[in-house]
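Please consult the sequence and the structure shown below alongside the text.

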Amino acid sequence: MIFSLLGKRVEARALGAPSLPSAAADFRGKGGIAKLSIFLVALLITPITAQAQHPSAGSGQAFDGAKAYEYAREFAAIGPRWPTGPGHVKAEDFLRSHFQRNHDQLEQDAFTADTPIGSVPMCNFIVRFSGTKPGAIVLATHYETNYPLRNINFVGANDGASTTGLLMAIADRLRAEAAVSPGKKLSGYSVWLVFFDGEEAIRQWSASDSTYGSRHLAAKWGRDGTLGQIKAFLLADMIGDKDLDIQRDTNSTAWLVSLVAEAAKKFGYQRYFFQQEMDVQDDHLAFVERGVPSIDIIDLDYGPNNSYHHTAQDTMDKISAHSLTIDGDVFLETIRLIDQRN
Ligand SMILES: [Zn+2]
């Protein structure tokens, strides 16, 4: 990923933004007559829409960030996972065996990337959970580490591993929800988890030397019509950071940014989201360019003066289960909000 900071503009608008329909569920747990007046005041100032309390991905218990952290720890323990390296083969084996063991619907999207070091074999992984509504929501991450950093023991605990762990723990939730649902389907859109290969530049970041996996898959899904099924594309990148501050990416789709802000607000997580605005180049762009509503949920401020980013300091002690809990809660709630949109 690469970005440019657009001044020091604080994006107050994102947080203060008008009010998508706020949930009556916000008041859940504060029930009782004593709170009725507060609820009525809220009714006067906020449009309330009825929200079905069906068991959905976003409801129920808090997200298990500790589980996501444990997956990330196991994945980072593989070591560096640069394309063509031995750790990359192990990383592929890790993902393949995990989802096969859980009997998930796994697709391996192997392809050859044309890179500055020649042809490089790469592989995206796609895990699908079917829903009752036609259409799909994609949650994505990248899993590999940088080829140029292959000699510094760069394990990408935050950059690649944390969000791989996050999506694995989200898969646990979706699998459990589907298991107890009629027809073994999620109530709502299908959810597809995508683990991209080749996000990082092989030599130096450019439009042609970066995001190999997402460019390959977006083009393939454009050709075969799959893109038309995608209601939203949500990318997670570097959001395991203990000191979580997710920027508002200006290339992301506005209504999806608003929805994520609304989801964050539900949990009181506003301070972690969208306090700063940036122009981010990442795996979402190939989808944005093809008209898929997309958002990059990314924290580009990692360590003092960003000193942990793309260095050997990107290790598990810099990320936290708490940040992954915030991420998981917001992703699952965003899925729920997208399901309710139409
Ligand atoms: Zn990176």
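Which residues in H3 and H9 meet? Gly-65, Ala-66, Ala-68 and Tyr-69 in H3 meet Ala-321, His-322, Leu-324, Thr-325 and Gly-328 in H9, where a contact requires C-beta atoms, placed from the backbone, to lie within 7 Å. The model is predicted: local features need pLDDT of at least 70, side-chain atom pairs count only at pLDDT 80 or more, and totals for chains, interfaces and linings use all residues. Residue numbers start from 1 along each chain as its sequence is written.

**Overall organisation**

- Of the 342 residues in the chain, 46% are buried; a residue is buried if 20 or more other C-beta atoms lie within 10 Å of its own, exposed if 12 or fewer, and partly exposed in between.
- Among contacts between residues at least 6 apart in sequence, 81% join residues at least 24 apart.

**Packing of H3 with H9**

- The axes of H3 and H9 (residues 321-339) come within 7 Å and cross at roughly 115°; axes are lines fitted to C-alpha atoms, for helices over the stretch in contact, and angles run from 0 to 180 degrees between N-to-C directions.
- H3 is therefore roughly perpendicular to H9, a term covering angles of 65 to 115 degrees, whereas under 35 counts as roughly parallel, over 145 as roughly antiparallel and the rest as oblique.
- The contact of H3 with H9 has five nonpolar, four polar and no charged residues; Ala, Val, Leu, Ile, Met, Phe, Trp, Tyr, Cys and Pro count as nonpolar, Asp, Glu, Lys and Arg as charged, and the others, Gly among them, as polar.

**Packing of H3 with H5**

- The axes of H3 (residues 65-76) and H5 (residues 157-179) come within 7 Å and cross at roughly 130°, so the two helices are oblique to each other.
- Residues in H3 that meet H5 include Lys-67, Tyr-71 and Phe-75, and those on the H5 side include Ala-161, Gly-165 and Asp-172.
- The residues of the contact of H3 with H5 divide into eleven nonpolar, three polar and two charged.

**Nonpolar core**

- The largest nonpolar core has 87 residues, and Leu-139, Ile-170, Val-191 and Val-260 have the most contacts inside it; such a core is a set of buried Ala, Val, Leu, Ile, Met, Phe, Trp, Tyr and Cys residues joined through C-beta atoms within 7 Å.
- H5 gives the most to this core, with nine residues.

**Loop residues**

- Lys-318 lies in the loop between strand E11 (294-298) and H9, and counts as partly exposed because it has 17 C-beta neighbours inside 10 Å.
- Leaving aside neighbours within four places in sequence, the contacts of Lys-318 include Ala-157, Asp-241 and Tyr-308.
- Asn-153, in the loop between strand E6 (131-142) and H5, has a positive phi near 55° although it is not a glycine; with 11 C-beta neighbours inside 10 Å, Asn-153 counts as exposed.
- Lys-184, in the loop between H5 and strand E7 (186-196), has a positive phi of about 55° and is likewise not a glycine.

Notes
Helix = DSSP H or I, 4+ residues; strand = E, 2+ residues; numbered from the N terminus. Contact = placed C-beta atoms within 7 Å.
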